[in-house]
Amino acid sequence: MASGTIFSIEEFAINDGPGIRTTVFLKGCPLRCAWCHNPEGLSPEPQVFHGADGDRISGTVIEARELADELLRNREFFAMNGGGVTFTGGEPTMQPAFLCEVLDLLEDVHKAVETSGWCALKVYADVLDRVDLVLQDLKLADPAAHRRWTGRDNAPILANLETLKRSGKPFVIRIPLIPGVNDGIAEMEAKAALFRDAPGLRRVELLRYHKTAGAKYPRVDMTYRPGFDTEAQPVVYKEVFGDIETLVL
Amino acid sequence: MLTARIERLKEFFFDGGHHRVRRTPESLGLDTLCEKYAAEGIPAQMRAAMLFEAMTAAEEPVIFEGEQIVATRTVSKVPSYFTADEWAALKSRHYLHENGMLSNISPNLGDAIAEGLEARKQRFAVRMESADAEGRLFLESAVRSIEALQGLIARYEACAREMGDEALAEVLASVRVKGATTFREALQLLRFIHFGLWESGCYHNTLGRFDQYMYPYYKADLDSGRLPQDQAYELLLSFFLACNKDSDLYPGMQQGDNGQSLVLGGRDASGKTLFNDLSARCLEASYDLNLIDPKINLRVDRNTPLEIYKLGARLTKRGLGFPQYDNDDVVVPGLERLGYAPEDANDYVVAACWEFIIPGKAMDIVNIGALSFAGLVSRSVDDLGSFDNFEDYYAHIDAMIKAECRRIAAGFKNLYIAPAPLYSVFMDGTLERARDITLGAKYNNFGIHGTGIATAVDSLAAIRKYVFDEKSVSVKELQAALDANFEGYDDLWKKLRFEAPKMGNDDDGTDALAARLLDSFDNGLAGLRNERGGIFRAGTGTAMYYIFHAIDLKATPDGRKAGEVIPANYSPSMYTRHKGPVSVIKSFSKGDLSRSINGGPLTIELDDTLFRNEENLEKLAMLIRSYVLLGGHQLQLNTLNKETLLDAKAHPEKHRNLIVRVWGWSGYFVELDECYQNHIIDRIKFTM
């Protein structure tokens, strides 16, 4: 029985897949995206969070069975509303044994995972096998820029993206629109070229950067240093995605 | 979309363009009529008709440019037909409900619009021949009231002719006498009847099942091609707009609390769904107009398609705080259980806020009193030391509720409601009985709100867990902490407020306490009769009691400190973060809510930023439907934006259009007293 660390369970998460869903946030992430709005998701360890009602610990260690039971309480509710459970983070694949076990325990509940794709090929394939939908983040196609803005190489991400495409599994591409970082036409074209022809692709979601992204950093004793112009408006090039349904959220 | 005409009129009314024609009753000598009536010894029944005659005669017919549905108040206030001394004398001898005038019931508007004023008047006149003396007095007052209303319509007709608006003049000429034959006539006649009810001093004047009684006219006009779709819609907008013109003159706790509720959808006794094209157009009109009246209720049930919920959700997203969703699957059997005939139960509408009432047939007083669950549990803490297990303690709570029910029920003796002959004209059975509606109708039940349910449940859950099960908090410690308002008991306070079990987290053990409290309440009222032979109905509403009942309430075992408010209606506590709306909906649908049929909605606040695309709107529709499918009775959703509210508090001038749901009604945020503003802001501290 694996246990894992989560930092939030959000009911009625309306932007994380079809129907009425609950989203589980797994703690810990290998990337350090300059625009990250969930700084408490970065460290894999529970940590102090200075909340409005005083300090609390962000991060709960929980057994897979316990989490699954909690989520299964709403099994009928999800089924009634075409929904299910979405796992995000942090980076959910950073806790592969825990994630896979919870996914297995959820049985017939519709399952989705939102991932950066930065994980081992085996981990990615194991998770992919167990979910009904992947919300695949794609930040930058350009390897150098990816290293600069996320602190990691995007080679594993691109390799996992190939696995995803080959699997035929339904997926959504999610691209954060960061002004001056990844919203240029050439970069967008390059991203689009990576997934455009995949049969499983359901749609593209462009997530507009919000300047309140830095709001929670002081709460976990961190400083927000975005390094780009947070006041600038990102450019939205929907046209590079051609006929693919593209939503700006 | 609003038409240019409606845009212009809306702007005109919003800027108070019509206020310049208003005069005070004092300037017209209307305020002293009561003294004249008193001096002449005129009976109250006739005074009501005479004052209505004087009021309608004092009205100045005004038709503003572009108006298609006319009638605007030009006398700013309806004076009383009793002197202050007479009121004092009445008060010393009787129980007066609120201000003593008739309020908060629902007329049979459909029959009135179909029959027309002249035929109705004739029937009342003929009935005089076979009535007793009291009956003749009533019938004469009714006939005179109808004539006064007809007189006002005639003067409007003359005004329209003078202005050269022959089409309007023809409509007015017809509705003064005959039943409606077109959609426009039906709306215009309804407008005058509704206007008359307000003008006669009655208040919380509801509009009932508008989409049902208006549909035949709407459909016939459209089917015959007499009326193009867009013109029909503009007429509908005109009527809705008209409901807002005088609303600042209507009495209520706060401006906006005027009870102009309108019910859409629902089913008939055979179970057939009645939602029609006009129902959909009404939702659209309310969305397009973006004004607080009429207040929309949408009757739904397990068979209502998601598409209809989506239409409702679209209006919900507008942020007006309505539609309020009412679940026929729970309400109809609940009403039948209380003795309402099946055909009446299926015809239910909503009174001013949420109380279910039968149009034309009920003289129910749906908001006559309130039982404070929170107050009762608070008092019970004094006796906590006498019990060594929770079940015995709950038996004590149950006994307290029963005693409180008996006490409340005994409190309303010798009720007096000032006669309302015009309203009586539009109620069933008044003609046959030859008696004013205020003396009673087919249904004469009294409704009792149940306030602070979540506060009570959370308090009981904390007591059960810490005092009885874990024994980690002693009775003395709890009592001392509550007496000290938690001063010096910070750890206990935090535990009770933030860690204790709370209703709204889909925790069966805690939620079962709510079901028990509601059952105790219903059992406590069962078998009690009021002096009119009616029964008492238990409810989950709070009305303004969520402020009143909190004022004197000391700190409670759920970690609420003295002076902090209790949740409005049937809603979770505001002081702690819940798991989310799914758990709240599950928690609040577990009890048998058909036993809480005086109504009172689960109220959920949602941030408006959540619903920016069609897909999310559909999810909102699903959430609403879930509450219905799980057996909830009534649901109200607010979509609010906290930044907007804070800014509105600081800069009211920038937010004159901001509308919020307060308890059973929506009002302009900037016009609410600060305590209500703060309550709404507090409610979304933990926006889900």
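**A guided reading of the two-chain model**

The largest nonpolar core of this predicted model has 274 residues. Those with the most contacts inside this core are B:Ala186, B:Leu335, B:Ile357, B:Tyr423, B:Val457, B:Leu517 and B:Ile624. Among the elements that build the core, helix 7 of chain B, residues 133-163, gives the most, with 12 residues. The surroundings of B:Tyr423 can be listed in detail: once residues up to four places away in sequence are set aside, B:Tyr423 touches B:Leu102, B:Pro107, B:Leu197, B:Ser200, B:Cys202 and B:Ile437.

Helix 27 of chain B comprises residues 614-629. From first C-alpha to last, this helix of 16 residues reaches 22 Å, close to the 22 Å expected at 1.5 Å a residue. Helix 27 of chain B is mostly covered, with 13 of its 16 residues buried. B:Gly631 follows helix 27 of chain B and has a positive phi, near 100°.

Elsewhere in chain B, B:Arg176 belongs to helix 8, residues 166-177. Is B:Arg176 buried or exposed? B:Arg176 counts as buried because 22 other C-beta atoms lie within 10 Å, where 20 or more are required. Apart from neighbours within four places in sequence, the residues in contact with B:Arg176 are B:Leu117, B:Gln150, B:Ile153, B:Ala154 and B:Glu157. Between B:Arg176 and B:Leu630 there are 48 Å in space, C-alpha to C-alpha, and 454 residues in sequence.

Several loops of chain B contain backbone features of their own. B:Ala71 is not a glycine, yet has a positive phi of about 115°. The loop that holds B:Ala71 runs between helix 3 (44-58) and helix 4 (84-93) of chain B. With 25 other C-beta atoms within 10 Å, B:Ala71 is buried. B:Glu98, likewise not a glycine, has a positive phi of about 50° and is found in the loop between strand 1 (95-96) and helix 5 (109-115) of chain B. B:Glu98 has 15 C-beta neighbours inside 10 Å and therefore counts as partly exposed. In the loop between helix 13 (277-289) and strand 3 of chain B sits B:Pro294; the peptide bond joining B:Asp293 and B:Pro294 is cis, with omega about -10°.

In chain A, 9 strands form an open sheet of mixed pairing, in the order 5-1-2-6-7-8-9-10-11. Its edge strands are strand 5 (60-63) and strand 11 (246-248) of chain A, each of which pairs on one side only. On average, and with direction ignored, neighbouring strands of this sheet are turned by 30° against each other.

Strand 1 (residues 3-10) and strand 2 (residues 21-26) of chain A run antiparallel and are joined by 4 bridges. A:Glu10 stands opposite A:Thr23 of strand 2 of chain A. Strand 6 and strand 7 of chain A, in turn, pair in the parallel sense over 4 bridges, and the bridge partner of A:Val85 in strand 7 of chain A is A:Lys111. Strand 7 of chain A, residues 110-115, is mostly covered: 5 of its 6 residues are buried.

Helix 1 of chain A, residues 64-72, lies across strand 1, strand 2, strand 5 and strand 6 (84-89) of chain A. This helix runs at about 90° to strand 5 of chain A. In the loop between strand 6 and helix 3 (96-105) of chain A is A:Gly90, joined to A:Gly89 by a cis peptide bond with omega of about 10°.

Finally, the two chains meet: 13 residues of chain A are in contact with 16 residues of chain B. On the side of chain A that touches chain B, there are 6 nonpolar, 3 polar and 4 charged residues.

Methods. Residues numbered from 1 in each chain as written. Chains lettered and ligands numbered in written order. Predicted model: local features only at pLDDT ≥ 70, side-chain atom pairs only at ≥ 80, totals over all residues. Pairing = 2+ DSSP bridges. Helix = DSSP H or I, 4+ residues; strand = E, 2+ residues; numbered from the N terminus. Axes fitted to C-alpha atoms, helices over the stretch in contact; angles between N-to-C directions. Contact = placed C-beta atoms within 7 Å. Expected span 1.5 Å × (residues − 1). Buried ≥ 20, exposed ≤ 12 C-beta atoms within 10 Å, placed from the backbone. Nonpolar A, V, L, I, M, F, W, Y, C, P; charged D, E, K, R; others polar. Core = buried A, V, L, I, M, F, W, Y, C linked by C-beta atoms within 7 Å.
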